[in-house]
Amino acid sequence: MITRRTFLKAGAAIGAAVAGSKLLQTSKRSALAAKEPPKVVERIPTMCEICFWKCGMDITVEDGIATRVEGNEYHPLSNGMLCPRGTSALGILYDQDRLKKPLIRRKNEAGEQYFAEVSWNEALDFTAKKLQQIINKHGAESIALFSHGHGGGIWKTLMKAMGSGTLCAPSYAQCRGPREMAYKITYGRAVGSPEIMDTPHSKCIAFIGSHLGENMHNTAVQDLSHAIGNGAKLITVDPRFSTVAGKSDMWLPIKPGTDIALILAWTHVLIEEEIYQKDFVQKMTVGFEQLKEHVKDKTPEWAFLQTGIEPSVIRKSARMLARYAPASFVHPGRHVVWYGDDTQRVRAIGIINGLLGNWGKKGGFYLPAKYPMAAADIPHPKKYKVFPLIENDFPLGYDIPAQTVMKSSLKSKNKGRKTVKSWIAYGCNLPLNMPDPVALKEAMNDVDFILAIDILPAEITGYADVVFPECTFLERYDAYDARENRVPYVAIRQPAVRPMYDSKPGYWMARELAKRITVGGETLEKYFPHDSLKQVLKEEAKLNGFSFEEISKKGALTQKHDALYDPDNTLKLNTPSGKVELYSKTLADAGLDPLPNYTPPEEPPPGYFRLLFGRSPLHTFSRTTNNSQSMEIFGENELWLNVQMAKSLGIRNGNYVELTNQDGLKSGSPVRVKVTQRIRQDCVYMVHGFGRADKRLTKGYHRGASDTDVISRYKEDPVMGGTGMNVNFVSLNKVDSYKAMQLRRID
Ligand code: SF4
């Protein structure tokens, strides 16, 4: 077993694979360039996986080659449209850098590590043997799964079948977990995805660090366009003049880390001026008196000293929200892990939404419904355990924080204790989505075995022992999607083209492993009784009374749902009191703040800026930063730097800089500076997901910089374990442009 893992960036096997892919690309081009019209033209509906919104998408296929993508008209999340990332779907399907064969890490005679291309049988036998050894020696719970995306469910089934409940997803502690936790505590349910804000009918929306338009979730942006078209007032609170700030009536350039102070001051204004929704508060909430006492001294004048926002502006914006209530809301955000007090910040937002009385109201939050779906009759694994070091870390949390798994894998931090022994990473590029890169590398080196399942040679594959090449979402079936929504729906993902190279669908891989692993003297095949996922889908269509042929033809089926609102405030919520918990006894009983408190943030040291990061409408983190179509339009990220600060540092627009953080960590590649007045002087900002470190990613390698290289610190949310990552500071060192270009070269 190779325990000291070298990060593998390139090898002869990969070179050969790329050559093969070029041949394929050539044949694709010749087919398209042919004079005769295509013989067979099909339009195949499926659902997009460029991000996790899962819009309906129609693929035009000509003689077996996908040539066009469009929004599906039957799917309520796309309404016939796609976002710019969705339209680049063929860029991933026909990416020449794709993983093409299973890979096993080996050592040559000189002791150098390399990836050998192997057959599926060899890769599956080898992987099953390793996992079996770990199960037998350390217990199945020593195997952890990191997953992201719709296909992760299959791997969760395999994990539980093996006996492990050590399942995590960075989308929880590194993204929207605090939001869902805050709403579960306050309203008895998560905001969910798609979010349940009734944006199209809203008359006033406040965004706090929420970059809708840069964060390009299709329906959310369509809804916001409707709201703007209907004349909705927008308020944007952000240290940066974001895209949505440009559409707003008010921009509040807040000092980073002081949002809770602003929200408490808004709450103060609503209560002091008695402009909250009294009937809603009386019938639907508990803890109003405690809240009133809590914000008594949180005046706009007090908040001004923290946030830098003028008291008159705080009052004006609070009154604007109140004027349009209940058809107004403060957006709960999506990527909300900023300062470690994030559940409390989102609770503060939930509380002010309670005062606006917008739960179950037109223009506030609607009441969603789900297309009723029964699952195929497949045995569900029941006996599984979570790794003991992880189990009770955050008792109120509803999921396992990914960094807890990382910390539980470190031998140096857990001397004398049993550590996690193996990682399975499904569609999860951990080096670009986890904080603390030093600890992450140490943990990846400490575990005995890593299996990475991916489409591209994402950085995580460079640390794996075995790599399984999965086919893209355009080449496979996945489980039906039937989430809560305004219009209940069930949607299908089905292959538009045959799997390319030697890539396989996740269901096939998991089933083949299940056949090879035994627990209690039995293989795990009974948990995967169908030969293919298509069979499962057919069975479920029959069970739920719809036609598999019809859904395959349309892409999505919908139902009517009229009970969207609760105009008379009669709802019973799923909280202990059945009401909106302004004051939370659950938090108080757990020894946590029952009402949100404000703590001033740490100041950047002299010469440093707070590092903020966000998104581009063209990209889904590192998932798309090797996609030729997305990269053609947005090919590298930039570092936003305030014009005054640039002047004082002698940095000009377009110069390249290297980032060094407070712990001395440097960015792996330089980043181009965008000198702008659209950002405060105390922070810098960049789009996440760039600065790829693996040379196999020929279009993304060293294009821009990766913020995660310099996110060595994070503050853990005491409620649920979210990793507040906006607590890192960077200094900027100018780099010669020629050197910056040289660094991108792939020899
Ligand atoms: S929002 Fe865009 S990328 Fe995400 S699923 Fe929809 S079309 Fe695809």
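Which residues line the largest cavity?

## Ground rules

This is a predicted model, with local features needing pLDDT of at least 70, side-chain atom pairs counting only at pLDDT 80 or more, and totals for chains, interfaces and linings using all residues. Residues are numbered from 1 along each chain as its sequence is written, and side-chain values use heavy atoms, with hydrogens and water left out.

## The largest cavity

The lining of the largest cavity consists of Cys 48, Ile 50, Cys 51, Trp 53, Lys 54, Cys 55, Leu 82, Cys 83, Arg 85, Gly 86, Met 216 and Asn 218. On a 1 Å grid over the protein atoms alone, a cavity is a set of points where a 1.4 Å probe fits but cannot get out, and lining residues have an atom within 4 Å of a point. The largest cavity holds about 90 Å³ of space; volume here is the space filled by probe spheres set on the points, with grid points joined across faces, edges and corners.

By class, that lining has eight nonpolar, two polar and two charged residues (Ala, Val, Leu, Ile, Met, Phe, Trp, Tyr, Cys and Pro count as nonpolar, Asp, Glu, Lys and Arg as charged, and the others, Gly among them, as polar). There are six cavities of 30 Å³ or more.

## The second largest pocket

A pocket is an open set of points with protein on both sides within 12 Å along at least five of seven lines. The second largest pocket has about 410 Å³ of space and 21 lining residues, with Lys 441, Tyr 463, Gly 668, Ala 693 and Asp 709 nearest its centre.

Helix α16 (437-446) gives the most to this lining, with five residues; α15 (430-433) and α16 each supply at least two. Helices are DSSP runs (H or I, at least four residues), numbered from the N terminus. The lining splits into 10 nonpolar, six polar and five charged residues.

## Helix α17 and its partners

Helix α4 (residues 152-162) packs against α17 at about 10°, with the axes 9 Å apart. That makes α4 roughly parallel to α17 (angles under 35 degrees count as roughly parallel, over 145 as roughly antiparallel, 65 to 115 as roughly perpendicular and the rest as oblique). Axes are lines fitted to C-alpha atoms over the stretch in contact, and angles run from 0 to 180 degrees between N-to-C directions. By class, this contact has eight nonpolar, one polar and no charged residues.

Helix α3 (residues 120-138) and α17 (residues 506-516) have axes that come within 9 Å and cross at roughly 55°, which makes α3 oblique to α17. Their contact divides into six nonpolar, three polar and three charged residues.
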